[in-house]
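Good morning, and thank you for coming. Please look at the structure on the screen while I take you through its parts.

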Amino acid sequence: MKLHIVNRAPDAGRAVEQALSAMAAEDRLLLIEDGVQGALPSLVDEFASIEGRLYALHEDLEARGLMNRHDERVEVVDVEGFVTLTEQAERTLSWY
Amino acid sequence: MRYAILLMGAPYSDQASHSALRFARALLARGHRLETVFFYHDGVYNAARLAAPPQDEPHLVDGWAALHAEHGVTLQVCIAAALRRGLLDEREASRHGKSGHSVEAPFELTGLGQLVDVGLSCDRLVTFGP
């Protein structure tokens, strides 16, 4: 299992599209920085193909005033959870 | 686990440096070892000795230096990316006939081969891009 890390919103460039196309069936995706916008209900459908494997970083949601505005299908993790995700993955790939 | 971080974002231009430093502190707090932070592309500006941000903002250069002092993290700066951006240690400044230097210990100028070594020897390499 690999962890893909995306720091771009779905409508900013091709990072999300490229990450999704590179993901294997067990891989997970973590949204950080501006990428957390993808956790909003209006944008989360971009990630329909990986439901249950989508995470967003608490600190970056909070910094943008988006806590409690994210879709319930997104699992929110704090930075310690970010570290845990990297422990569980055999490697990480960053898309930016 | 043994971790390494690759940082390619410029300080204060995008969030990458702040994200990387926050991640570094979190993994150390969980008991992992952080072997190296490798600064590449615009990430090399994190090694600017003369950086003087406002006192009420995080001082990234000092933040990295503290990781070295407290946890023995090596701070490796890609020499090719650094020199062309005016980031030279005393040795390189002298070699290029410059009157001052802009990089000092604990940051060290190294080659890209070091990044390959880090990628091979560490359990996890996490990249923070611009």
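Predicted model: local features only at pLDDT ≥ 70, side-chain atom pairs only at ≥ 80, totals over all residues.

Let us begin with chain B. It contains 5 helices and 5 strands. Read from the N terminus, the elements follow the order β-α-β-α-β-α-α-β-α-β. Along the principal axes, the C-alpha atoms of chain B occupy a box of roughly 45 × 35 × 25 Å. Is the radius of gyration of chain B in agreement or in disagreement with that of a compact globule? For 130 residues, a compact globule would have a value near 14 Å, and chain B has 14 Å, so the two agree. Of the 130 residues in chain B, 42% are buried. If we take the contacts in chain B between residues at least 6 apart in sequence, 73% of them join residues at least 24 apart.

Leu125(B) belongs to strand β5, residues 124–128 of chain B. Is Leu125(B) buried or exposed? It has 22 other C-beta atoms within 10 Å, and the threshold for a buried residue is 20 or more; Leu125(B) is therefore buried. Leu125(B) and Tyr3(B) are 122 residues apart along the chain, yet their C-alpha atoms are separated by 5.9 Å. Setting aside neighbours within four places in sequence, the contacts of Leu125(B) are Ala4(B), Leu6(B), Val118(B) and Gly119(B).

We now turn to chain A and its sheet. This is an open sheet of 5 strands with parallel pairing, in the order β4-β3-β2-β1-β5. Which strands stand at the edges? They are β4 (75–77) and β5 of chain A; each has a single partner strand, so one side of each is left without a neighbour in the sheet. From one strand to the next, the twist averages 30 degrees.

Consider strand β3(A), residues 54–57. It is joined to β4(A) by 3 bridges, and the two strands run parallel. Within this pairing, Tyr55(A) has Glu75(A) of β4(A) as its bridge partner. The strand β3(A) also pairs with β2(A), again in the parallel sense, over 3 bridges. Here Leu29(A) stands opposite Leu54(A) of β3(A). As for side directions, Leu54(A) and Ala56(A) point one way from β3(A), Tyr55(A) and Leu57(A) point the other way, and all are buried.

Next comes helix α1 of chain A, residues 15–22. This helix lies across β1 (2–6), β2 (28–31) and β5 of chain A, and runs at about 170 degrees to β1(A). Its buried residues are Ala15(A), Val16(A) and Ala19(A). Viewed down the axis of α1(A), they fall within an arc of 95 degrees, so they line one face of the helix. The buried residues of α1(A) pack against β1, β2 and β5 of chain A.

Finally, let us consider the contact between the two chains. Chain A contributes 12 residues and chain B contributes 14 residues. On the side of chain A that touches chain B, α3 (79–88) and β5 (91–95) each supply at least two residues. The most comes from α3(A), with 6 residues. By type, this side of chain A divides into 5 nonpolar, 4 polar and 3 charged residues.

Thank you for your attention.

Note on methods. Residues numbered from 1 in each chain as written. Chains lettered and ligands numbered in written order. Contact = placed C-beta atoms within 7 Å. Helix = DSSP H or I, 4+ residues; strand = E, 2+ residues; numbered from the N terminus. Nonpolar A, V, L, I, M, F, W, Y, C, P; charged D, E, K, R; others polar. Rg over C-alpha atoms; globule rule 2.2 N^0.38 Å. Buried ≥ 20, exposed ≤ 12 C-beta atoms within 10 Å, placed from the backbone. Pairing = 2+ DSSP bridges. Axes fitted to C-alpha atoms, helices over the stretch in contact; angles between N-to-C directions. Arc of directions from axis to C-beta.
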